[in-house]
Amino acid sequence: MTSKRVYIETYGCQMNVADSEIVGGILNERGFVITPTPDDADVLLVNTCAIRDNAEVRIYGRLGLFSTYKKSHPGVVVGVLGCMAERIRKDLLEEDVVDLVVGPDEYRTLPALIGRAMGGEKGIAVRLSRVENYGDIVPLRTDGVCAWISVMRGCDKFCSFCVVPFTRGRERSRTLESVVEEVTNLSVRGFREVTLLGQNVNSYHDGRNDFAELMRAVARVDRSMRVRFTTSHPQDMSDRLIEAIASEENLCPSIHLPVQSGSDRILALMERTYTVDHYRRLVEKVRQAIPGAGLSTDIISGFPSETEAEHRMTVDLVRELRFDGAYTFKYSPREKTKAWELPDDVPEEEKGRRVWEVTELQHTISLELNAALVGSTARILVEGPSRKSKHDFTGRTAGNKTVVFPRRDEQPGDELDVRIERATSATLLGVRAADPIRPASPSIKESAA
Ligand code: 5AD
Ligand code: SF4
């Protein structure tokens with residue numbers, strides 16, 4: 001029998017990107033081949049996101065296209081994975097096009113369910129687990145420069161707007177040893193950067209080690225490898241973690257710290273468990289301990305009952321704290337969450353205006369911060385071709401700024417000093433200032449180990 005070909009399409013956060021690699025690892029182990037395009041695939045899997053309604057609308061659109069595809073390719077199996085699978089479950093299975101619905105903690109059942117679906121039997125596996133962390137699965141990654149590693153799953157925070165605790169279940173952490181082993185293997189394979197992932201990494205605990213200890217242990221694996229992490233909750237960000245980032249040279253000075261709102265009343269309604277002042281002091285502490293730290297945030301506009309004055313407080317906080325970047329969202333009511341019970345009373349148009357105002361202000365600030373770097377030299381890790389031109393390469397600074405430069409003979413994985421000549425709000429543009437620093441080849445590293 002020839003191997004069945006599986007195409008996986010991923011939506012949503014980096015957690016989902018990492019999960020798709022875990023799914024790839026599970027399927028590959030059982031003889032399936034993962035293909036990069038849907039053409040000629042026997043199985044189409046969509047790893048979905050349920051965080052806001054518009055994410056789900058997009059995925060329904062995609063399933064519509066898969067439905068057309070299925071008519072011309074009878075026998076193709078279509079599966080919905082991830083957060084939407086958990087949220088909508090049976091309703092999804094009632095869609096003609098969908099053969100499989102598999103939630104984030106049930107990926108080990110996929111080979112068997114796909115086998116049955118090929119025989120015409122629809123399947124669903126959506127139980128959430130208190131222990132599943134896929135620590136023993138080797139994710140299927142193509143060799144590259146940057147890798148995502150999920151170190152914990154789920155979230156116990158229950159922010160009132162957020163569906164994640166319902167779609168991904170309770171918090172659980174992998175052991176420090178299993179993470180260190182994965183990072184060691186990635187280093188041997190030539191990866192140059194790892195990002196440790198979790199919905200709230202600050203509450204990582206494997207029974208013996210907390211997140212600061214995990215970060216230090218990962219940093220020690222290979223000092224030439226950059227280590228990042230995401231995401232932090234302002235309530236749980238510990239001094240020990242800040243000290244670790246300040247003192248370990250290869251822990252990148254870049255922190256994503258979602259504030260969500262600049263109003264204490266709205267933060268309380270969101271059940272974020274901190275005040276604006278706590279957040280402000282935390283930012284001061286980070287900036288004092290880690291000079292030049294890159295800081296980004298998330299903001300939700302138009303949460304139920306948010307007044308114009310409260311929106312202005314968010315705008316003022318963004319102006320005051322001068323983040324390097326911000327992801328801005330219109331509030332989207334999610335079933336099961338506490339905020340679902342509140343009237344969604346900020347009109348859609350008003351939410352749009354507020355989110356636009358915050359986004360525009362942040363663009364101006366990002367541009368000012370980036371423009372101040374023109375004339376300086378930045379050390380970047382080269383990642384590969386830029387999206388816009390094959391003659392340009394792109395990389396990131398330790399503080400997580402994207403830098404684009406004309407390529408000469410640089411390779412992905414090189415470190416390079418670039419002189420910054422121009423800036424936009426999202427990107428620095430520069431030219432090579434010195435010869436690239438090339439890492440020892442993976443095979444040399446392996447034999448030296
Ligand atoms: N509506 C709008 N934005 C949301 N987020 C999470 N849930 C919602 C929602 N219901 C945003 C938060 C979070 C980011 C990942 O997504 O800002 O930090
Ligand atoms: Fe959602 Fe809050 Fe958990 Fe983040 S910390 S995943 S916003 S519940």
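A nonpolar core is a set of buried Ala, Val, Leu, Ile, Met, Phe, Trp, Tyr and Cys residues joined through side-chain atoms within 4.5 Å. Buried means under 20% relative accessible area, exposed means over 50%, and partly exposed lies in between (1.4 Å probe, protein chains only).

The model is predicted: local features need pLDDT of at least 70, side-chain atom pairs count only at pLDDT 80 or more, and totals for chains, interfaces and linings use all residues. Residues are numbered from 1 along each chain as its sequence is written, chains are lettered from A and ligands numbered from 1 in the order in which they are written, and side-chain values use heavy atoms, with hydrogens and water left out.

**Exercise 1. Describe the nonpolar cores and the surroundings of V151.**

Solution. 
Step 1. The largest nonpolar core has 62 residues. Those with the most contacts inside it are V151, V194, L196, F211, L214, F229 and I255.
Step 2. Helix α8 (residues 211-221) gives the most to this core, with 7 residues. Helices (H or I, at least four residues) and strands (E, at least two) are DSSP runs, numbered from the N terminus.
Step 3. Another core, of 26 residues, lies apart from the largest one and has L44, F66, C83 and V97 among its members.
Step 4. For V151, contact means heavy atoms within 4.5 Å. Not counting residues up to four places away in sequence, V151 touches S173, R174, V179, L196, L197, V201, Y204, F211 and L214.

**Exercise 2. State how the chain is divided into domains, and how far apart the centres of domain 1 and domain 3 are.**

Solution. 
Step 1. The protein chain is divided into domain 1 (5-125), domain 2 (146-371) and domain 3 (377-432). These bounds come from an automatic or database domain assignment.
Step 2. Taken over C-alpha atoms, the centres of domain 1 and domain 3 are separated by 35 Å.

**Exercise 3. Work out the order and pairing of the sheet that contains β12, β13 and β14.**

Solution. 
Step 1. Strands of a sheet pair through backbone hydrogen bonds, either parallel or antiparallel. Two strands pair here if DSSP finds at least two bridges between them.
Step 2. The open sheet of 3 strands has the order β12-β13-β14, with parallel pairing. Its edge strands are β12 (254-256) and β14 (325-330), each pairing on one side only.
Step 3. Neighbouring strands of this sheet are turned by 10° against each other on average, direction ignored. Axes are lines fitted to C-alpha atoms, for helices over the stretch in contact, and angles run from 0 to 180 degrees between N-to-C directions.
Step 4. β12 pairs with β13 (residues 294-301) in the parallel sense over 3 bridges, and H256 stands opposite S296 in β13.
Step 5. Helix α13 (residues 348-371) lies across β13 and β14, at about 175° to β14.

**Exercise 4. Locate the backbone features at T231, Y134 and F158.**

Solution. 
Step 1. The peptide bond from T230 to T231 is cis, with omega near 5°. T231 lies in the loop between β11 (226-230) and α9 (239-247).
Step 2. Y134 is not a glycine, yet its phi is positive, near 55°. The residue lies in the loop between β6 (123-125) and β7 (146-150). Y134 counts as buried because its relative accessibility is 1%.
Step 3. F158, also not a glycine, has a positive phi of about 50°. F158 is found in the loop between β8 (152-153) and α6 (164-168). Its relative accessible area is 32%, so F158 is partly exposed.
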